[in-house]
Amino acid sequence: MKLFYFYKKKLMNKTLIVFLIVLIYPISQLFTQEKFTLSGTITDSNSNETLIGVNIIIPEIQSGTVTNEYGFYSITLPEGTYNIQISYLGFKTILETIVLSYNQIKNYKLIETAESLDEVIIKEDVEKLNIKKPQMSVNALSINTIKQMPVVLGEVDVIKSITLLPGVTNAGEGSSGFNVRGGAADQNLILLDEATIFNSSHLFGLFSVFNPDAIKDIKLYKGGIPAKYGGRVSSVLDIYQKEGNSSDFHINGGIGLISSRLLAEGPIEKDKGSFLFGGRSSYAHLFLPLFDLDNVAYFYDLNTKLSYRLNNNNSIYLSGYFGRDVFEIANSFINTYGNTVLNFRWNHLFSDKLFSNLSLIYSDYDYDLELSFVEFDWESGIRNFNLKYDFKHYISSNFKLEYGLNSIYYKFNPGDINPTTPDSGINPFKLIDKYAFENALYLDAEHKLSNKLSVSYGLRFSTFHRLGQDELNIYNNNNPVIFIEDLGIYEKADPVGTNGFSRNNVIESFANLEPRLALAYQLNDNSSVKASYNRISQYLHLLSNTSSPTPLDVWAPSGKYVKPQLLDQVAIGYFRTFKNNTYSLELESFFKTIKNRIDYIDGANLIANNAIEQVILNGEARAYGLEILLRKNEGKLKGWLAYTLSKSEQKTPGRTPIETGINNGKWYNTPYDKTHDVSLTGSYELNKKWSFSSNFLFQTGQPATFPNGQYQYNGIIVPSYEARNSSRLPSYNRLDLAANYTPKPDSTKNFKSEWVFGIYNVYNRRNAANITFRENRNSGTNEAVRLAIFGIVPSVSYNFKF
């Protein structure tokens, strides 16, 4: 044993030495020859909007960089003369020769234009740069692509658009959230201008909370997630809002069958500051009285952003979002819920190589349910305050560092029940508030080791402290769930006492090291293989026993009885472009495991439960699969074919040899398991006036648990059920079509408009959202009843800008 520890210590020391050599070597190379830095900001010439992900390429050395989230770029090269290519999809490419004999700051303005043959050649160089990058399992969608997709009821939807990508699904029509690589919806980190969005849907999943007119950039990380992100184990959806036009005042909007939107932007001070205000609202409920329906269902949201450049080295931003849903049935049931976020950011340029961003963020999600017929009101929610300080250090053209810190303070309100009238007979009842503090430090390095091999490696150190609360239950043996051996079931344990804590006390603490690694090896100019590994901790849990999130679900922190989820994921992929990037192929395989995935005992009650630990068991989950994405990137016909073959399972074994666990301790399908998932998306530009688009989707049916028999007990018929999630709903498939008509495409006037016509579910497929069982009153036999949300849905909308 001593010999084992001796060799283990030697191995750890050698590993540390290798890591330091890899880290220090590129820094030492800075002093071997004189180098200079080219840096600056790249913007849209029309609006002065900074552009994210612009490619700055030096073809002769097959190197380059891209602009960050604020349009900044920096590249350090040996003294010399270089040809610079600056390329961005939908904009005219800039070609320039630069003599680099001193540090230079050059800002560029890109001009929006139609594609030309030269741009296709430039894009070949861009794709060569992308193939070399170690980043994988990432999908980016432009907002213009999303706006061309056919959608239900004519409302452009960011969330539904990403479900057309490989590895991304949802629970079906009318469901909120999305699932990535077999993960649950609460395992996705959704960011809007770096602020956390806890509920991404309007009207229980019919629409997303993101106004497409206010969105600038969308990126989905499914694996190989950089160390600056943490807190969710499945994915990161990173969305940035537009900054606003600092050159001229503009208005754009749209009018649809059930909702409309309007956005205004313009300069606060020309070329230095800008504002953006956007609003969106549905109004279908205004027509319900015409059908003698005394119900209400609508949503609205507001987006705002103020941007100001103080000087060449400092810029500040203030952005916000406010959204609300209202659902009312005959004045007896009123449900309101929504997100509120506010973010102040300060960009500072310490030097031409060191960029920083400081963010102060407030995020709140609240839920309110008023039941007039029983005369009480229930409120719940989650609130956090977030401090982020991020740095990006462009050390050389072959070596970049990102590092920073993040601290989040949480307040959880599980529920507050109050009577709505003095005579209701309901006593006020407050579920115990919970508090937590989450911190993280991270370091990420991107290192080009050779012309063929690039690697990205990083480490995130996260801590989570469950802070004091008014009352915490105590159980025998710290076991809030007991197993009744004679009956083979789990039951709640009775508390043997309680403890009270002040806010300064720490009830439970967790700390985790989260390594990240990705590498790319270039086989030739057109292809590469990539691999990645990441470990991520998740300290928050969404308490829900439905397959998709609902506003009634409650967020809960890790603590004494609920452990954090821990993910380990590996992925390997092959990437190739064909015919000067006209076509591209992405092939990825992944495997991931999750420890401490919560599961619920049979008959668990999650609503207004002050001791949620009494119905929870810690289990494990795993998912693995193959993803294929074939794109056509050029020409009048563009689109992609996405296919995913995957498996997602969960297991909760017994804690002792006598316990059966959930589902007898066996693996069972998670509600998000979809064996086959196919989506075909295409758009065709017929001429300047007309363009067409279509989607086709096919998915394996969602797992379900059906009754397999029944028995009588004291005259009551009691159903018995099969093994958990061992059956499935029927397969899901759908075809959508859309046509865009621009009446005056060549008009030189400021006012421009378009009509969008769409048909959702063209062949009227009645896809099952749920199947329930009941007794037929006429025949007395049992029958299954399928619930379908949508049949064929035509739509029309009118968009304008001036």
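Across the whole structure, a search finds 33 salt bridges, a salt bridge being a side-chain nitrogen of Lys or Arg within 4 Å of a carboxyl oxygen of Asp or Glu. The model is predicted, so local features need pLDDT of at least 70 and side-chain atom pairs count only at pLDDT 80 or more, while totals for chains, interfaces and linings use all residues. Residues are numbered from 1 along each chain as its sequence is written, and side-chain values use heavy atoms, with hydrogens and water left out.

Select K228 and E69 to begin, whose side chains meet in a salt bridge at 2.7 Å, N to O. The two lie 159 residues apart, K228 in the loop between β16 (215–221) and β17 (235–241) and E69 in the loop between β3 (63–66) and β4 (72–78); strands are DSSP runs of E, at least two residues long, numbered from the N terminus. Both K228 and E69 are buried, where buried means under 20% relative accessible area, exposed over 50% and partly exposed in between, with a 1.4 Å probe and protein chains only.

Next, select D673 and R728, which form a salt bridge at 2.4 Å, N to O. D673 sits in the loop between β42 (668–669) and β43 (676–685), and R728 in strand β48 (residues 727–728), 55 residues apart. D673 is buried at 0% relative accessibility, whereas R728 is partly exposed at 26%.

Finally, select K106 and E96, which meet in a salt bridge at 3.3 Å, N to O.

Technical notes:
Helices (H or I, at least four residues) and strands (E, at least two) are DSSP runs, numbered from the N terminus.
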